[in-house]
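Hi everyone, and thanks for coming. Please take a moment with the sequence and the structure on the screen, and then we'll walk through them together.

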Amino acid sequence: MMAWADAKGEYYLRVLLLGVVSSGLLAAWVMDVETHLIYNYVWYLSGFAALSMLIFSGNFKEVWLDILCFVLLQQLLFGRMYGRADCHAFSVCALAQGAFGMNMQEYLMQMLIAFLLLTAVQFMKSNVTGDGRLKISIPFLPYITVSFWILLFGN
């Protein structure tokens, strides 16, 4: 089997699928800012594209267990801490990152970067109470999207 980026067609397929994932994250960002409601079709499309990227990359065997554990953590544990759409976004990002050979460490690093960005921006806006909670609820998808790209470009 040819390497993931050896053939020109495979390279363009990778770019196309990453574009679909990126478009899904951007659409979710806009929906979260505008209505605080992200439609499921966003996660179906971007999740399918991210999974396709992972399968075509040849990294599936190396990262499937990390991705499975991370997605289960997101859906079962972190879903109670923040919105379900945020869990879906982190899960889609993990699938896409797995296509680039990233593992659990990078998935958790993305979460950390997103929370650090959120914390820094909200402290600057004085939107944090004394006990560390937000005074006014704000969309988290923009921070997830930015942290995804920070990690992707940094790797």
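Let me start with a question: how many positive and how many negative side chains does the protein chain have, and how far apart do the centres of the two sets lie? The protein chain has 8 positive and 9 negative side chains. The centres of those two sets lie 6 Å apart. Before I go on, please keep in mind that this is a predicted model.

Now for the overall fold. The protein chain has six helices and zero strands. Reading from the N terminus, the order is therefore simply α-α-α-α-α-α. The radius of gyration of the protein chain is 16 Å, close to the 15 Å that the globule rule gives for 155 residues, so the chain is as compact as a globular protein of that length.

What about the inside and the outside? Of the 155 residues in the protein chain, 44% are buried. The accessible surface comes to about 8900 Å², and carbon and sulfur atoms account for 68% of that surface. Here is another figure for how the chain is put together: take the contacts between residues at least 6 apart in sequence, and 68% of them join residues at least 24 apart.

Let's move on to the aromatic rings. How many aromatic pairs does the structure hold? The count is twelve. One of them is formed by Y11 and Y12, and this pair is edge-to-face, with 5.5 Å from centre to centre and 70 degrees between the planes. Y11 itself is partly exposed, because its relative accessible area of 43% falls between the 20% and 50% cut-offs.

Another pair to find on the screen is F70 with Y107. Their ring centres are 5.4 Å apart and their planes are at 55 degrees, so this pair counts as tilted. The pair links distant parts of the chain: F70 belongs to helix α3, residues 60-76, while Y107 belongs to helix α5, residues 104-124. That puts the two 37 residues apart. Are these two buried or exposed? Both F70 and Y107 are buried.

There is also a cluster linked by ring pairs, and its members are F78, Y82, F90, F115, F140 and Y143.

Next, two stops in the loops. H36 is found in the loop between α1, residues 8-34, and α2. Its phi is near 60 degrees, which is a positive value in a residue other than glycine. H36 counts as exposed, because its relative accessibility of 53% is over the 50% cut-off. Further along, S126 lies in the loop between α5 and α6, with α6 covering residues 141-154. S126 also has a positive phi, near 55 degrees, and it too is a residue other than glycine.

I55 is found in helix α2, residues 40-57. With a relative accessible area of 47%, I55 is partly exposed. I55 and G98 are 43 residues apart along the chain, and their C-alpha atoms are separated by 9.4 Å.

A27 is found in helix α1, and A27 is partly exposed at a relative accessible area of 29%. Its C-alpha atom is separated by 16 Å from that of R84, which is 57 residues away along the chain.

Then there is L76, in helix α3. Is L76 buried or exposed? L76 is exposed, because its relative accessible area of 59% is over the 50% cut-off. L76 and G58 are 18 residues apart in sequence, and from C-alpha to C-alpha they are 28 Å apart in space.

That's the tour, and I'm happy to go back to any part of it.

Notes:
Residues are numbered from 1 along each chain as its sequence is written. This is a predicted model: local features need pLDDT of at least 70, side-chain atom pairs count only at pLDDT 80 or more; totals for chains, interfaces and linings use all residues. Side-chain values use heavy atoms; hydrogens and water are left out. Helices (H or I, at least four residues) and strands (E, at least two) are DSSP runs, numbered from the N terminus. The radius of gyration is taken over C-alpha atoms; the globule rule is 2.2 Å times the number of residues to the power 0.38. Buried means under 20% relative accessible area, exposed over 50%, partly exposed in between (1.4 Å probe, protein chains only). Contact means heavy atoms within 4.5 Å. Accessible areas come from the Shrake-Rupley method with a 1.4 Å probe; for residues, only the protein chains shown count as cover. Lys and Arg count as positive and Asp and Glu as negative; His and the chain ends are not counted. The place of a charge is taken as NZ of Lys, CZ of Arg, CG of Asp or CD of Glu. Rings of Phe, Tyr and Trp (its six-membered ring) pair if their centres lie within 6.5 Å; planes under 30 degrees apart count as stacked, over 60 as edge-to-face and the rest as tilted.
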